[in-house]
Amino acid sequence: MAVRTSLVPLCLLMTFNHLSAFYLPGLAPVNFCEPNERNDECKSEIELFVNRLDSVESVLPYEYTAFDFCHEEKEKRPSENLGQVLFGERIEPSPYKFTFKKDETCKSVCVKEYDASNSDSKQKLDFLKKSMLLNYQHHWIVDNMPVTWCYDVEDGQRFCNPGFPIGCYVTEDGHPKDACVINSEFNDKDTFYIFNHVEINIYYHVVENEALGARLVAAKLDPKSFRHTDASNPDCSGPPMSIKNKLDGKIKIPFTYSVKFQEDKNIRWASRWDYILESMPHTHIQWFSIMNSLVIVLFLSGMVAMIMLRTLHKDIARYNQMDSTEDAQEEFGWKLVHGDIFRPPRKGMLLSVFLGSGTQILIMTLITLFFACLGFLSPANRGALMTCAVVLWVLLGTPAGYVAARFYKSFGGEKWKTNVLLTSFLCPGIVFADFFVMNLILWGEGSSAAIPFGTLVAILALWFCISVPLTFIGAYFGFKKNAIENPVRTNQIPRQIPEQSFYTKPLPGIIMGGILPFGCIFIQLFFILNSIWSHQMYYMFGFLFLVFIILVITCSEATILLCYFHLCAEDYHWQWRSFLTSGFTAVYFLVYAVHYFFSKLQITGTASTILYFGYTMIMVLIFFLFTGTIGFFACFWFVTKIYSVVKVD
């Protein structure tokens, strides 16, 4: 029997099954076998790739090659998609090579030598020490899986971090910072300890009833520090590898690794990410977030239902019963402003441009979340989320141009060229200008997050050669159509708006209108900001899709509610107010981002601070257009609906 299901339960189901849905679309497993069994269906060599290094104390990520580690210079780096480049991911081959089921103990990779009297050597060592001081983390990849460092945290839980530190620092007063707490031997004052040895455990699952070989299901490591007695013949014993802060003379740092293969019959390939995701916090908090949001929605829905079914129904019935001239003179409430309700707003050009850009972002978000729910944009598919969002935004120029032109024409505007040019360039231009300034800072700092010049040109080409022409096409069809027909005629002379009480003035209403939508999303916002700035994986797209639906409903209902109160107070300026009422949620987003920066993050440095707030402003602008457009469309539907059912002489 076929089972029918809606998208939201489907997305939630995939969230609970963690990554089991992640491998449905297009990620094929790789089979491994021992060298003597090697054939076309399996391979014996296991490559370890290295990604950028980042830190929670700095917004600036760096390429692996920016550090003086062991490098693999001969091999070509794998190609990266647009999303990976925009997020600053730089995946490269490494000199760490393994053979399936072949254990290694204390195998040498390379030896690095530093001389304090040599300026170039001293600069490399200083950069390494600064990175250890800021707790920069390695990110290694085996078979498209992160190599994790698992350790115990409070409440007896085990956290698996998809990264591990370069090293750590013991302060001048003997206080161990960050990872230095894991070893009591890290106790010399004003000293750095580098993790120059890794013990890697690779877990595999033998394929049953299928092709030959086995599949890798986990890769875990423990970072160690050893001062090898003989750098050319390491033994992985002895005291830790310490580097004095005020080093004078020469020092050798040998890099080594050990690898061990273990069979694990309990983990299936399709669920191999589960152990990482289950150690990440807060599924129960996600449920609390959903319940909190649902309570707000139910409250608002009840209020709107009461207005629509009781108050509004009575109003319409009473208005429609007024036939005599005597009754007509006794009109009151929202019917009084019927001759002004569709009067074009001030700055109608700007409002129509915002509506066009907001529609573009709204459709882009909806489609991106839909694909994310189906598993196409999982953490296993690196960079896919950003790539999908950018490509969709470029291709959705047509709806943006159409909506902007349609409303601008309805507002009585005639400067169609200005309208389509502003729709194409105003909001995207502000975002690109902010992004370009941030990129200049990243270039100056030598960060891997700096977009290469070629990619920047490619983004501009996508914008100018695809998005702009599509916007023009949409605007052409929008202007070709007749203006939106209003259910009531507009009077020639504007009606005077009576003195408003404090609660029905525009500003208090706008400020109050943004509180409820923000209340629905602020918990989910915490996880999203964590994934961006604290480098945690975000995978609960089912919850995110549900919160998106709740946000749309809440913005719509809150705006309709306040719009009705203002109309009853005979204030007919609803267009901009409806946009700003739900758009004000973005201001609360900004306030929360500032609070998050000072209370949750450990970011230091002027460049990192500027980058944080620069990127935050881009997110706030996008969110403002997104929520404002929802509020306007909801209010436009409400106003059109109520004035189309009331009799007007």
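**Helices, cores and salt bridges**

I start with helix α8, where the buried residues are A384, T387, C388, A389, V390, L392 and V394. Buried means under 20% relative accessible area, exposed means over 50%, and partly exposed is in between, with a 1.4 Å probe and protein chains only. Helices here are DSSP runs of H or I with at least four residues, numbered from the N terminus. The model is predicted, so local features need pLDDT of at least 70 and side-chain atom pairs count only at pLDDT 80 or more, while totals for chains, interfaces and linings use all residues. Residues are numbered from 1 along each chain as its sequence is written, and side-chain values use heavy atoms, with hydrogens and water left out.

Back to α8. What do the buried residues of α8 pack against? They pack against α2 (82-86), α7 (348-373), α9 (397-410) and α11, where contact means heavy atoms within 4.5 Å. The length of α8 can also be checked. The expected span of a helix is 1.5 Å times one less than its number of residues. Helix α8 covers residues 384-395, so its 12 residues should span 16 Å, and the end C-alpha atoms are 16 Å apart, which agrees.

The same check works on helix α14, residues 541-568. Its 28 residues should span 40 Å, and its end C-alpha atoms are 41 Å apart, which agrees. Is α14 largely enclosed or largely open? Of its 28 residues, 23 are buried, so α14 is largely enclosed by the rest of the structure. Just after α14 comes E570, with a positive phi of about 65 degrees.

Next, the inside. A nonpolar core is a set of buried Ala, Val, Leu, Ile, Met, Phe, Trp, Tyr and Cys residues joined through side-chain atoms within 4.5 Å. The largest such core has 161 residues, and F98, W140, W334, V639 and Y643 have the most contacts inside it. Helix α17, residues 606-644, supplies the largest share of this core, 18 residues. Another core lies apart from it, with 12 residues, among them L86, F432, I451 and V468.

Take W334 as an example from the largest core. Leaving out residues up to four places away in sequence, W334 touches L312, D315, I316, Y319, Y564, L567, C568, I642, Y643 and V646.

T609 is also in helix α17. At 24% relative accessibility, T609 counts as partly exposed. Apart from neighbours within four places in sequence, T609 is in contact with F597 and I603. F597 is 12 residues from T609 along the chain, and their C-alpha atoms are separated by 8.9 Å.

Now the surface. Patches are made of residues with over 30% relative accessible area and no salt bridge; like charges are joined within 9 Å, and nonpolar side chains (Val, Leu, Ile, Met, Phe, Trp, Tyr) within 5 Å. Accessible areas come from the Shrake-Rupley method with a 1.4 Å probe, and for residues only the protein chains shown count as cover. F436, L440, W443, F453 and V457 form a nonpolar patch on the surface, with about 470 Å² of accessible area together. The elements giving two or more residues to this patch are α10 (416-445) and α11 (453-480). Helix α10 gives the most, with 3 residues. F436 sits in α10, and at 31% relative accessibility F436 counts as partly exposed.

Last, the charges. A salt bridge is a side-chain nitrogen of Lys or Arg within 4 Å of a carboxyl oxygen of Asp or Glu. By this rule the count is 12 salt bridges.

In one of them, D120 pairs with K124, and the closest N and O atoms are 3.9 Å apart. Why are D120 and K124 separated by about one helical turn? Because they are 4 residues apart in helix α3, residues 119-133. An α-helix has 3.6 residues a turn, so residues three or four places apart point the same way. D120 is partly exposed at 44% relative accessibility, and K124 is partly exposed at 37%.

D126 forms a salt bridge with K122, where the closest N and O atoms are 3.1 Å apart. D126 and K122 are also 4 residues apart in α3, so about one helical turn separates them. D126 counts as partly exposed at 32% relative accessibility, and K122 is partly exposed at 39%.
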